[in-house]
Amino acid sequence: KTLFKGLHKLSKLTLGGNQITSLEAYLFNETVNLEYLSLYQNNLTNLNVSIFQGPSNLKILKLHDNKVTFADCVSIFTCNLRCKVPCSILHATLSF
């Protein structure tokens with residue numbers, strides 16, 4: 001089960017400033033049309049690349065003001081065809 005089940009048309013999601021500490025694997029699995037995802041100003045410390053397997057249209061990802069590591073960010077942006085991780089992110093806002 002996923003929090004965003006059935007939200008196939010969702011294209012923009014802002015979850016910034018919510019003190020989120022972790023995200024479940026495959027959380028955005030059914031948000032195939034998600035283009036903009038903002039997770040800024042939370043307490044995220046690591047990101048499993050499987051979180052981003054669903055939104056193949058993701059163009060903007062905002063992760064600034066979190067505690068994610070550089071390695072987490074590299075794994076998100078690395079094309080991994082076996083996992084179908086999106087490679088089309090055009091803009092990311094990060095801070096370490």
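Reply: Start with the secondary structure terms: strands are DSSP runs of E of at least two residues, numbered from the N terminus. Keep in mind that this is a predicted model. One case is S38, which is found in strand β2, residues 36-38.

Me: How many helices and strands does the chain have, and in what order do the elements run?
Reply: The chain has one helix and four strands. Read from the N terminus on, the order is β-β-β-α-β.

Me: Is S38 buried or exposed?
Reply: Buried means under 20% relative accessible area. S38 has 0% relative accessibility, so S38 counts as buried. Leaving aside residues up to four places away in sequence, S38 touches L13, T14, L15, G16 and K62.

Me: What share of the chain is buried?
Reply: Of the 96 residues in the chain, 36% are buried. The chain exposes about 5600 Å², and carbon and sulfur atoms supply 53% of that area.

Me: What should I look for in phi?
Reply: Most residues other than glycine have a negative phi. Q19 has a positive value, near 55°. Q19 lies in the loop between β1 (12-14) and β2. With a relative accessible area of 64%, Q19 is exposed.

Me: Where is D65, and what is its phi?
Reply: D65 is in the loop between β3 (60-62) and α1 (70-77). The phi of D65 is near 60°, again positive in a residue other than glycine. D65 counts as partly exposed because its relative accessibility is 41%, and that class lies between the 20% and 50% cut-offs.

Me: How many aromatic pairs does a search of the whole structure find?
Reply: The search finds one aromatic pair. In that pair, the rings of F4 and F28 have their centres 5.4 Å apart and their planes at 20°, so the pair is stacked; planes under 30 degrees apart count as stacked. The pair links distant parts of the chain, 24 residues apart: F4 is in the segment before β1, and F28 is in the loop between β1 and β2. Both F4 and F28 are buried.

Me: Which residue lies over the face of Y36?
Reply: A charge sits over a ring if, for Lys, NZ is within 6 Å of the ring centre and within 35 degrees of the ring normal. Here K12 lies over the face of Y36, at 4.9 Å from the ring centre.

Me: What share of the contacts between residues at least 6 apart in sequence joins residues at least 24 apart?
Reply: Within the chain, that share is 59%.

Methods: Residues numbered from 1 in each chain as written. Predicted model: local features only at pLDDT ≥ 70, side-chain atom pairs only at ≥ 80, totals over all residues. Heavy atoms only, no water. Buried < 20%, exposed > 50% of the residue type's maximum accessible area, 1.4 Å probe, protein only. Contact = heavy atoms within 4.5 Å. Areas by Shrake-Rupley, 256 points an atom, 1.4 Å probe, with all protein chains shown as cover. Phe/Tyr/Trp six-rings, centres within 6.5 Å; stacked < 30°, edge-to-face > 60°.
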